[in-house]
Amino acid sequence: MRIPVFVSCPSPENLTPEQDASASLILQLMKKNNLDWRALGRSDYPVDLPLREVVQMIRHCSGGIILGFKQYTFAKGTKCAGAEKETALTNVAMPTPWNHLEAGIIAGRALPILIFREPGVAGGIFDVGTSEAFIHSMPGPGIDRQAREDLDLVFQRFVGRVRQHYYDE
């Protein structure tokens, strides 16, 4: 039996081939560890309002994985426009806003959480010190042997916490 884990990740049609390969690597690790990838639009499809559906799904999960892929990029922008601390920004990368919503729901349920982000993705759940979770670099499809072993160790720690939650509940 696979343990359900909610995965916050854009739909496949919104991922580049490289991003999709990274998501597939995470899926392989999940399968290897008997975890079931649960996500709105992937394993489940909305009957009700999407946010309500996500809350319901997470209620039945024992952990969460956040995949912070670049979904929006801006060459130039302004932070706090018109405010005293207005700041000019360049090369801004943002994930889907759903990463933040879903991470908040997972954190609110006190579930184990594993967070990955692509280079340049920051803000909210991806800021260091925002949560108890360490924020990991997104594994690429061509990671070397040592990086794969390190990723396996990170995953094993997470899986241990997920199993503990699943069997204690």
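**Close-up views of a predicted model**

**View 1. Surroundings of M30.** Apart from neighbours within four places in sequence, M30 is in contact (heavy atoms within 4.5 Å) with R2, V5, V7, L35, D36, W37, I65 and F155. The model is predicted: local features need pLDDT of at least 70 and side-chain atom pairs pLDDT 80 or more, while totals for chains, interfaces and linings use all residues. Residues are numbered from 1 along each chain as its sequence is written, and side-chain values use heavy atoms, with hydrogens and water left out.

**View 2. The largest nonpolar core.** A nonpolar core is a set of buried Ala, Val, Leu, Ile, Met, Phe, Trp, Tyr and Cys residues joined through side-chain atoms within 4.5 Å; buried means under 20% relative accessible area, exposed over 50%, and partly exposed in between (1.4 Å probe, protein chains only). The largest core has 25 residues, and M30, L35, W37, I65, L67 and F155 touch the most other members. Two or more residues of this core come from each of β1 (3-8), α1 (17-32), β2 (35-38), β3 (64-68), β6 (113-117) and α4 (145-168). Helices (H or I, at least four residues) and strands (E, at least two) are DSSP runs, numbered from the N terminus. Six core residues belong to α4, the largest share. In soluble globular proteins, nonpolar side chains tend to be buried together.

**View 3. Helix α1 against helix α4.** The two axes (lines fitted to C-alpha atoms over the stretch in contact; angles from 0 to 180 degrees between N-to-C directions) come within 11 Å and cross at roughly 55°. The helices α1 and α4 are therefore oblique to each other; angles under 35 degrees count as roughly parallel, over 145 as roughly antiparallel, 65 to 115 as roughly perpendicular and the rest as oblique. On the α1 side the contact is made by L25, I26, Q28, L29, M30 and K32, and on the α4 side by R148, L151, D152 and F155. By class, this contact of α1 with α4 holds six nonpolar, one polar and three charged residues. Ala, Val, Leu, Ile, Met, Phe, Trp, Tyr, Cys and Pro count as nonpolar, Asp, Glu, Lys and Arg as charged, and the others, Gly among them, as polar.

**View 4. Helix α2 against helix α3.** The axes of α2 (residues 50-59) and α3 (residues 97-108) cross at roughly 40° and come within 10 Å. That makes α2 oblique to α3. From α2, the residues P50, L51, V54, V55 and I58 meet W98, E102, I105 and I106 of α3. The residues of this contact of α2 with α3 divide into eight nonpolar, one charged and no polar.

**View 5. N34, in the loop between α1 and β2.** N34 is partly exposed, at a relative accessible area of 39%. Neighbours within four places in sequence aside, N34 is in contact with M1, R2 and I3. The C-alpha atoms of N34 and V159 are separated by 9.1 Å, and the two residues are 125 residues apart along the chain.

**View 6. T96, in the loop between β5 (87-94) and α3.** T96 counts as buried, with 12% relative accessibility. Not counting residues up to four places away in sequence, T96 touches P10, F69, Q71 and Y72.

**View 7. H136, in strand β7 (residues 135-137).** The relative accessible area of H136 is 16%, and the residue is buried. Residues up to four places away in sequence are not counted; H136 touches L114, I115, F116, R117 and V154.

**View 8. V128, in the loop between β6 and β7.** V128 is exposed, with a relative accessible area of 73%. R117 and I135 are in contact with V128 when its neighbours within four places in sequence are left aside. Between the C-alpha atoms of V128 and D168 there are 29 Å, for residues 40 apart along the chain.

**View 9. C80 and N91, with positive phi values.** C80 is not a glycine, yet has a positive phi of about 60°. C80 is located in the loop between β4 (72-79) and β5 and is partly exposed, with a relative accessible area of 41%. N91, also a residue other than glycine, has a positive phi near 50°. N91 is placed in strand β5 and counts as exposed at 66% relative accessibility.
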